[in-house]
Amino acid sequence: MVAAMTLPVDINQLSKGYDRKPVLENISLALPQGSITALLGPNGAGKTTLLGCLLGLLVPDKGRVSLWGESAGDLSALSRSRIGFVPQTLTGLTWFRVGELLDYFAAYRDNPEAAEDKRWADWAGLDRKSRISALSGGERQRLAIVLALRFSPDLLILDEPVASLDPQARHDFIALLHETARQRGATILLSSHILSDLERLCSRFVILSRGRIVTAFEDEDLQRSIRHLAHAPDAALGLSIMAQAADGSVWVKGWTPAHEGLSLERLPGDLESLFLALTR
Ligand SMILES: Nc1ncnc2c1ncn2[C@@H]1O[C@H](COP(=O)(O)OP(=O)(O)OP(=O)(O)O)[C@@H](O)[C@H]1O
């Protein structure tokens with residue numbers, strides 16, 4: 001019970017829709033301290049909606065979202081100050097210059113004692129005098145990342161942070177994120193469509209499809225499952241995936257007796273194949 005209270009993130013039976021259209025259904029997910037979790041899912045699966053509920057920006061229709069035991073919709077200033085959120089796109093604020101915006105946000109932070117981790121500004125390489133209206137999409141994304149991460153938050157929530165970064169910036173970003181997480185034991189939840197990045201960074205994977213978690217697994221399960229990954233290509237039977245480890249143990253998702261005897265489509269053993277099989 002005590003452990004559950006101190007989880008950085010604890011989501012219980014969360015449902016959320018817009019205009020009566022259900023988007024998230026019965027989501028339960030716990031993120032232990034120091035875990036790095038990938039949130040994957042096709043466009044429209046509900047990833048941003050889930051992150052919005054986590055941040056208290058959206059009110060759940062049902063269920064409970066807690067951060068460090070507090071309700072996400074009613075967080076204390078101290079808990080808010082422990083969160084760094086990188087949105088999909090940084091909108092508005094275009095009249096500021098880069099340096100002005102950084103200083104403005106810093107002045108209003110809840111924990112003025114926190115020291116800046118200057119590696120983020122060095123990574124971003126932005127000119128403080130540049131007008132935000134004149135930044136490219138990738139440069140704005142760099143700024144959003146610096147704004148969210150430079151005061152070393154304990155919980156990092158990142159919504160497709162790398163989509164507009166060039167390959168070098170993306171590579172260095174993932175490496176720096178990994179390093180800071182390892183050094184500080186921060187808890188990270190990251191949504192992205194770039195599966196190779198997620199494989200490099202994350203030790204836990206949550207796949208969301210049509211508003212439901214279709215599977216959640218840890219790195220070891222992935223390593224185990226990718227040895228022999230097979231999918232029954234029969235739409236009538238719905239979701240079906242079987243993975244067999246070298247020791248003969250079988251990890252099964254949605255497998256039914258009706259699958260027996262079907263010829264199996266052998267898939268390459270990686271996260272992308274698993275993702276495609278589970279979300280098609
Ligand atoms: N403000 C809103 N009003 C009505 N419907 C919305 C709203 N925001 C999102 N939706 C709908 O909710 C569903 C889930 O959207 P969401 O942005 O959470 O998906 P996503 O998994 O983050 O997608 P993507 O990978 O494209 O970013 C979509 O069908 C979307 O059209």
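Both faces of strand 8 are covered in this predicted model: T187, L189 and S191 lie buried on one side, and I188 and L190 are buried on the other. Buried here means that 20 or more other C-beta atoms lie within 10 Å of the residue's own, while 12 or fewer makes a residue exposed and anything in between partly exposed, with C-beta atoms placed from the backbone. Since 5 of the 5 residues of strand 8 (residues 187-191) are buried, the strand is largely enclosed by the rest of the structure. In a regular strand the side chains alternate between the two faces of the sheet.

A word on conventions before going on. Residues are numbered from 1 along each chain as its sequence is written. Because the model is predicted, local features need pLDDT of at least 70 and side-chain atom pairs count only at pLDDT 80 or more, whereas totals for chains, interfaces and linings use all residues. Helices (H or I, at least four residues) and strands (E, at least two) are DSSP runs, numbered from the N terminus.

Two strands count as paired if DSSP finds at least two bridges between them.

| Strand pair | Sense | Bridges |
|---|---|---|
| Strand 6 and strand 7 | parallel | 4 bridges |
| Strand 7 and strand 8 | parallel | 5 bridges |
| Strand 3 and strand 8 | parallel | 4 bridges |
| Strand 3 and strand 9 | parallel | 4 bridges |

You can trace individual partners across the sheet. I83 has L155 in strand 7 as its bridge partner. L156 has I188 in strand 8 as its bridge partner, and I188 is also the bridge partner of I36. T37 is partnered by L189 in strand 8, and L40 stands opposite I207 in strand 9.

Strand 3 is buried on both faces, with I36, A38 and L40 on one side and T37 and L39 on the other. All told, 5 of the 5 residues of strand 3 are buried, so the strand is largely enclosed by the rest of the structure.

Why is helix 2 described as largely enclosed by the rest of the structure? The reason is that 7 of the 8 residues of helix 2 are buried, namely K47, T49, L50, L51, G52, C53 and L54. Just after helix 2, G56 adopts a positive phi of about 75°.

Another open sheet has 4 strands in the order 2-1-4-5, with antiparallel pairing. Strand 2 (21-31) and strand 5 (70-71) are its edges, each pairing on one side only. Strand 4 (residues 62-67) meets strand 5 in the antiparallel sense over 2 bridges, and S66 has S71 in strand 5 as its bridge partner.

**Domains and the whole chain**

The protein chain is divided into domain 1 (2-212) and domain 2 (226-279), with bounds from an automatic or database domain assignment. Between them, 8 residues of domain 1 are in contact with 5 residues of domain 2; contact means C-beta atoms, placed from the backbone, within 7 Å. On the side of domain 1 that touches domain 2, helix 8 (195-201) and strand 9 (204-209) each supply at least two residues. Helix 8 supplies the largest share of that side, 3 residues.

Overall, the protein chain has 10 helices and 14 strands, and 35% of its 280 residues count as buried.

Technical notes:
Contact = placed C-beta atoms within 7 Å.
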